[in-house]
Amino acid sequence: MVTVLLFVGVFVAIFVGYNIGGATTGPAFGPAVGADAISKSGAAALMTVFFFVGAWTIGRRVVDTLGRDLVTDPGIFTLEASIGVLFFIGLALFVGNFFGVPASTSMTAVGAIAGLAFAGGELNLTVMGEIAIWWIVAPFIGFWVSLIIGRYFYAFLNRRVAMVRSEGPLLELDRSRIVPLPVPSQTTTRRELGGVTTVIVIGCVMAFSSGTSNIANAIAPLVGSGAIEMNPAIIIGCLAVGIGTFTIARRTLETMGNDLTELPLTAAIVVATVSATLVTFLSFIGIPASFVIIATMSIIGLGWGRATRPVTVSEAVRGEERTPVSVGALTADEEGESIPPIGEETPADIPSAADLFNPATTARVVLMQNVVPVIATGGAYLTFRFVPVFGI
């Protein structure tokens, strides 16, 4: 019987990992795909590799937080309870992936585990409070850092980084050598090659940071129950994530890369850098980060900061704004343009919000990012509280 339950537990963990791959690939590589810096298949391959590196190194800290610290008695993670928790995590994430929305895997996993712990009276309120505080603070940090970059530094960064993707492939195989090697194609400029390389590297850093935070969501209940050791659990979880990146992640890549927003390369680099830095820091201190929300708030903050350039601080304080501020501002300052000082930029240079955000898609993303964790939390609590078979 134990062997059967363990098999079921591993299967459900694989299902969760599959959906994590679908949910997290979009935030990590969506900006790069949206900027035409990499294909969806290339993004999936890089996501799989760097997710594993992050999970194998720093990810263990978050596994301990969810599998041991969030509950006052790790014994609550019986094999049956672990299967139930993983089922609700996977079910909720599948709902988000089905609608093409990259829901927060960390909020979903913490919600399901908290539902189990609360039903059994074993929830560590101190740890839960610390996680919740960081969930509120981190997106605001991402928003304000990106806003400052957008207002004061984005235009200058854009002059150095901005580029137009040339037609044709970025690289081609040089077959004149004994071993064929990839080289820049004839249409690829040095600036283009450098910009594309930069945004892909930062996407890899985001994939690494995703692994540090999200591997726990698939394996923490089983590791906490003692049903499986840490190392084999990480390997199984990462393999499942890899399958998800090559299949269902195409939906979330489309949403984050094209439907929600069309990011220029400079904006993609800024969003990726800010998000990856915050998520890696939180994982290092053992906090399961809300990766999707941080990235989304970073996009909004960057656009909002760029949109405020026509207004000086003193004018804003005195209420002398010359034009309503919108967040649709990341496509201004094209390569080669002169940069007017803050307060002297004309409103006509700032695109409307519709140039950056699709309002209908944005509303769908925000709605599902809240609905998915509620499904996991409510389902887990009701099941473990009122279904006798779990013995809670």
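**Notes on the predicted model**

1. Helices here are DSSP runs of H or I with at least four residues, strands are E runs of at least two, and both are numbered from the N terminus. The side chains of D64 and R68 meet in a salt bridge, 2.3 Å from N to O. The term stands for a side-chain nitrogen of Lys or Arg within 4 Å of a carboxyl oxygen of Asp or Glu. The structure holds one salt bridge. Side chains of opposite charge can pair when their charged atoms come close.

2. Some housekeeping: this is a predicted model, in which local features need pLDDT of at least 70 and side-chain atom pairs count only at pLDDT 80 or more, while totals for chains, interfaces and linings use all residues. Residues are numbered from 1 along each chain as its sequence is written, and side-chain values use heavy atoms, with hydrogens and water left out.

3. How open are the two partners? D64 is partly exposed, at 27% relative accessible area, and R68 also counts as partly exposed, at 36%. The scale is: buried under 20% relative accessible area, exposed over 50%, partly exposed in between (1.4 Å probe, protein chains only).

4. For the overall picture, the chain has 13 helices and two strands. Of its 392 residues, 54% count as buried. Among contacts (heavy atoms within 4.5 Å) with a separation of 6 or more, 83% join residues 24 or more positions apart. The accessible surface is about 16,500 Å², and 68% of that belongs to carbon and sulfur atoms; the areas come from the Shrake-Rupley method with a 1.4 Å probe, and for residues only the protein chains shown count as cover.

5. The largest nonpolar core has 90 residues, and F29 and L70 have the most contacts inside it. Helix 7 (residues 190-225) supplies the largest share of this core, 14 residues. Such a core is a set of buried Ala, Val, Leu, Ile, Met, Phe, Trp, Tyr and Cys residues joined through side-chain atoms within 4.5 Å. Setting aside neighbours within four places in sequence, F29 is in contact with residues including A43, L46, I200, A207 and L253.

6. Where does G286 sit? Its place is the loop between helix 10 (265-284) and helix 11 (291-307), and G286 is buried, with a relative accessible area of 5%. G286 touches R61, V62 and T65, not counting residues up to four places away in sequence. G286 and T65 are 221 residues apart in sequence, yet their C-alpha atoms are 6.1 Å apart.

7. The two strands deserve a look as well. Strand 1 (residues 171-174) and strand 2 (residues 181-184) pair in the antiparallel sense over four bridges; pairing requires at least two DSSP bridges between the strands. They form a hairpin with six residues between them. E172 stands opposite V183 in strand 2, and L173 stands opposite P182.

8. I133 lies in helix 6 (residues 125-161) and is exposed, at 53% relative accessible area.
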